Each structure stands twice: as C-alpha cells, then as structure tokens.
Amino acid sequence: MNILHVTQGYWPGRGGTELVVQRVSEELVKRHDCAVTVFTTNCLNGEGFFDPSQPTLPVGWSEHHGVQIRRFPVRSQAGAWWRRVQAPFWSLRLPGHEYVRSMASGPIAPELTTALRDVRADVFAASSFPLLHMFSTAREARRRGRWPVLIGGLHPDDRWGFDRRSIYAAIRDSLYIAYSSYEADVVMARGADASRVFVVGAGVDPAPFAQADGRVARLAVGLDPDRPVVSYIGQLGGHKGVDVLIRAMREVWARQRGVQLLIAGARSGFVPVIEGLIADLPPSMRGQVRLVLDFSDEDKAGLFAATDVFTYPSGYESFGIAFVEAWAAGKPVVGCSRGAVPTIVTDGVDGLLTTWQDAGSLAEGIVSLLRDPARARAMGAAGRQKMHVRYTWPRVADRFHDVYRLAAG
C-alpha cells in the first residue's frame with residue numbers, strides 16, 4: 001500500500017501526535033512493506049502556526065527510517081491575525097464563528113492543500129483535530145472515491161477546541177481511529193457509525209526503558225540519587241496540569257521531607273510560566289526542583305527510570321502516551337479521573353486517579369505511593385505487563401494497518 005500521512009508536525013518535532021505518526025509510519029515500512037509519505041509543516045511546535053518567532057525546519061523533501069517526508073511552509077502571520085479575531089466571534093456567537101476558530105487553529109499552509117491533489121496514495125490518513133489539514137485531506141480522499149482515515153486525537157472536554165459541528169460531520173463520513181474507548185464512545189454518541197470506528201491505542205519501545213539506569217540519569221540532571229523523585233515528563237503546555245503539580249508539591253514537601261521534583265519537556269511558550277511558579281516557591285522547596293528542557297530521545301528513558309512516582313495531571317487527553325512510557329520503566333502513575341485517562345489507567349492497579357485540578361487530591365495520591373514503596377512497585381509492575389500486552393509499537397501499527405487495508409479496499 002501507498003500511505004499518505006498528513007500531520008501538523010513530525011520528527012524531530014515533539015508531541016504525542018508527532019510520536020505516534022512517526023513510529024506507526026516506520027513500523028508500516030518495516031513490518032508491512034508499505035510505502036509511507038508524510039506531508040507536514042515546517043513548524044517544530046503548534047505555536048509556530050501563529051507565532052513567526054518560533055523555530056522552523058527546512059521546507060522540502062527528506063527521508064528518515066524509510067519514510068518520505070515533505071514539509072510545507074506555514075503562514076504564521078495569517079494565523080496570528082485569525083487568532084486575534086476568534087475570541088470576539090466566539091463570545092458574541094457571530095455568524096461564521098466556527099469557521100474563524102478553524103482558521104485560528106491552523107496550520108495555514110496552502111501549498112500543502114494544493115499538493116494533496118497530485119499525490120499518489122491508496123490511503124489518505126490525517127491527524128489530528130481541530131486542525132485544518134484534517135478537512136482538506138478528507139475532502140481529497142472523498143474526491144477520489146476513497147474513505148479518508150481520520151486520527152482525531154480528540155480532547156472532548158475542551159469545548160473551545162473540539163465542540164465543533166464540522167469535526168463530527170467529517171468523522172461521520174470517514175473511517176475513524178480512536179486512541180481510547182472513551183474517544184470512540186464520544187464520536188459514536190455524535191453520530192459516527194460504530195462499524196467505522198476503531199480503537200488502536202498508542203505505543204512505546206520497551207527496550208530503552210528496560211535498559212536505562214535511573215541512578216546515572218539522576219546524577220546527570222543534578223538530582224540526589226538517594227532521595228525520592230516525583231516527576232512530570234511530557235509536553236509543557238498550559239493544559240497539562242504542571243501548575244497544579246507544583247502547587248501539590250507544597251503539600252507533599254510539608255508532609256514528607258526530602259522529596260525531589262523533576263519537570264522535563266521540550267521548550268514551549270508555557271515554560272516561562274513554569275519558571276515563574278518555581279521561582280515563587282520558598283528557597284527550601286525551590287532547591288528540590290529540576291527543570292530539564294529539550295532532552296534527547298536517548299535521555300528520555302533515563303528520566304523515567306530516575307522516577308519513583310510519575311504524575312501526569314492533564315484533564316485533556318485522548319490517550320496519554322506518557323503513562324505507557326512510565327509503565328515501560330516499571331513506574332506507578334498518578335493521573336486524573338477525567339477524559340480518556342480512566343480508560344487507560346486502572347485506579348488502584350497500575351496507578352492512581354485523582355481529582356482534576358485539585359492540588360490536594362494530587363498531593364494525597366503522591367504521598368500515598370511515596371509512603372508505600374511496595375505498593376508503588378506492584379503498580380509499576382502491573383503497568384509494565386499491560387504495556388507489553390497492549391501498547392508496543394508493533395501491536396499498535398498492526399491495528400493501524402488493519403484499518404488502512406479497509407480504506408485501500
């Protein structure tokens with residue numbers, strides 16, 4: 001099969017969607033002898049869709065691990081203009097407010113839309129909503145008489161971003177890949193045909209995590225190797241709950257001395273907010289925090305191995321791949337009982353679920369695991385077993401391949 005993946009970003013860009021599309025593309029080339037082309041933008045992150053000062057990658061063709069990649073320029077200044085006008089359109093419910101919000105989401109990349117008409121592909125698959133390339137890819141597939149495959153990555157609790165009739169209309173006329181049963185239930189409740197909705201999950205490569213040395217990783221980032229570490233490792237965005245974690249740690253430090261906090265992720269526009277929150281901590285607490293930015297893929301496994309309790313207090317997840325990465329390192333996880341997370345994390349078995357945006361609840365979950373290391377180890381072991389059974393990249397790519405065969409047929 002000739003497969004076209006259309007996505008907002010791709011390696012070396014970082015993020016959940018970027019990682020899923022990259023690894024699935026590579027596994028399809030390696031395991032199923034597919035020809036995979038990726039159309040993407042030249043932005044390293046989503047902020048580049050509306051901020052011209054953000055770093056970019058070269059436009060044009062490249063190849064990585066057998067995948068052909070074509071990057072298109074984004075009109076970020078146009079994106080900035082649409083961002084400025086979307087709020088009044090939404091607040092006043094002016095005619096066309098949904099169209100304005102879609103343009104503000106971007107990426108505005110007209111060359112990408114034009115190139116879709118010339119590409120040769122058996123499968124047109126796009127990820128993720130609410131971004132503009134989802135709709136242009138779906139239109140092109142239908143123009144050729146094929147089912148588009150949409151990988152939505154929906155965060156349904158984010159009404160601003162995802163409560164749009166255009167999204168669910170596109171899903172109803174497509175084959176839809178959901179990362180979780182929660183996401184699948186949401187789209188079927190909005191009219192999607194259950195026979196065209198497929199739950200595939202996301203994956204991890206277990207080997208680097210099994211081989212990582214947590215003690216070495218702690219020393220490398222300035223952590224005491226003999227004191228417990230609570231971590232957040234993932235996208236540093238305002239919706240991920242890092243601010244709630246920092247507030248929760250004040251209570252953790254009041255109840256249990258010597259705990260260290262590791263926050264790690266790619267540099268983003270939210271990092272100055274995180275730095276400000278850390279700076280506002282009392283000196284005795286501030287000294288227990290390590291903020292690690294722009295670490296390499298090789299270092300990621302070590303950071304998870306350096307963890308005693310992994311936290312990911314986001315309320316807007318279609319899956320939460322960081323949970324699986326923590327399980328690959330054999331670590332217990334603490335998430336929130338909101339969105340897709342309860343369909344991934346089994347409360348009391350492989351992790352704990354706390355109340356979203358409740359720093360006290362999050363602190364209680366963290367402290368309970370720190371004070372009961374045997375229970376924490378058992379949860380980490382249960383998570384690792386779940387990961388091996390459900391969430392390795394070969395297993396996930398096989399499920400994608402099954403859907404793509406339907407689309408090609």
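Visitor: Which helices each supply at least two residues of the lining of the second largest pocket?

Guide: In this predicted model, the two helices are α17 (359–370) and α18 (373–390). The largest share, three residues, comes from α18. The lining consists of P228, T307, D308, V309, G330, K331, P332, L369, L370, P373, A376 and R377, and the pocket has a volume of about 210 Å³.

Visitor: What makes up the lining of the second largest pocket by class?

Guide: Seven residues are nonpolar, two are polar and three are charged.

Visitor: Why is helix α15 called largely enclosed by the rest of the structure?

Guide: Helix α15 spans residues 321–328, and eight of the eight are buried, so the description follows from that count. The buried residues are I321, A322, F323, V324, E325, A326, W327 and A328.

Visitor: Why is the pair of F310 and F323 called edge-to-face?

Guide: In general, a pair of aromatic rings is described by the distance of the centres and the angle of the planes. For F310 and F323 the centres are 6.5 Å apart and the planes stand at 85°. F310 lies in strand β12 and F323 in helix α15, so the pair ties together parts that are 13 residues apart in sequence. Both F310 and F323 are buried.

Visitor: How do you know that Y316 and W356 form an edge-to-face pair?

Guide: Their ring centres are 5.6 Å apart and their planes are at 85°, so the pair is edge-to-face. This pair links distant parts of the chain: Y316 is in the loop between β12 and α15, W356 is in the loop between β14 (351–354) and α17, and the two are 40 residues apart.

Visitor: Are Y316 and W356 buried or partly exposed, and what is the basis for each term?

Guide: The cut-off for buried is under 20% relative accessible area, and partly exposed lies between that value and 50%. Y316 has 18% relative accessibility and therefore counts as buried. W356 has a relative accessible area of 23% and is therefore partly exposed.

Visitor: Which residues do ring pairs link into a cluster?

Guide: The cluster consists of F209, Y232, F304, F310, Y312 and F323. F310 is also listed with V149, V230, M249, L261, F400 and Y404 as having the most contacts inside the largest nonpolar core, which has 90 residues. Helix α11 (residues 242–255) gives the most to this core, with eight residues. A second, separate core has 31 residues, including F39, L116, V119 and F135.

Visitor: Why is T311 called buried?

Guide: T311 has 0% relative accessibility, and the limit is under 20%, so the term applies. T311 is found in strand β12 (residues 309–311). Apart from neighbours within four places in sequence, T311 is in contact with V230, S231, Y232, L245, V334 and I366.

Visitor: What makes F162 a buried residue?

Guide: The relative accessible area of F162 is 6%, so F162 is placed under the 20% limit. F162 lies in helix α6 (residues 159–162). Not counting residues up to four places away in sequence, F162 touches F129, P130, G153, L154, H155, I167 and Y168. F162 and P130 are 32 residues apart in sequence, with a C-alpha to C-alpha distance of 6.3 Å.

Visitor: Why are D33 and H65 called exposed?

Guide: Exposed means over 50% relative accessible area. D33 has 68% relative accessibility and therefore counts as exposed; H65, at 53%, therefore counts as exposed too. D33 is found in the loop between α1 and β2 (35–41), and H65 in the loop between β3 (60–64) and β4 (67–72).

Visitor: What is the phi of D33, and what is that of H65?

Guide: D33 has a positive phi of about 55° although it is not a glycine, and H65 likewise has a positive phi of about 55° without being a glycine. Most residues other than glycine have a negative phi.

Key:
Residues are numbered from 1 along each chain as its sequence is written. This is a predicted model: local features need pLDDT of at least 70, side-chain atom pairs count only at pLDDT 80 or more; totals for chains, interfaces and linings use all residues. Side-chain values use heavy atoms; hydrogens and water are left out. Buried means under 20% relative accessible area, exposed over 50%, partly exposed in between (1.4 Å probe, protein chains only). Helices (H or I, at least four residues) and strands (E, at least two) are DSSP runs, numbered from the N terminus. A nonpolar core is a set of buried Ala, Val, Leu, Ile, Met, Phe, Trp, Tyr and Cys residues joined through side-chain atoms within 4.5 Å. Contact means heavy atoms within 4.5 Å. On a 1 Å grid over the protein atoms alone, a cavity is a set of points where a 1.4 Å probe fits but cannot get out, and a pocket is an open set with protein on both sides within 12 Å along at least five of seven lines; lining residues have an atom within 4 Å of a point. Grid points are joined across faces, edges and corners, and a volume is the space filled by probe spheres set on the points. Ala, Val, Leu, Ile, Met, Phe, Trp, Tyr, Cys and Pro count as nonpolar, Asp, Glu, Lys and Arg as charged, and the others, Gly among them, as polar. Rings of Phe, Tyr and Trp (its six-membered ring) pair if their centres lie within 6.5 Å; planes under 30 degrees apart count as stacked, over 60 as edge-to-face and the rest as tilted.
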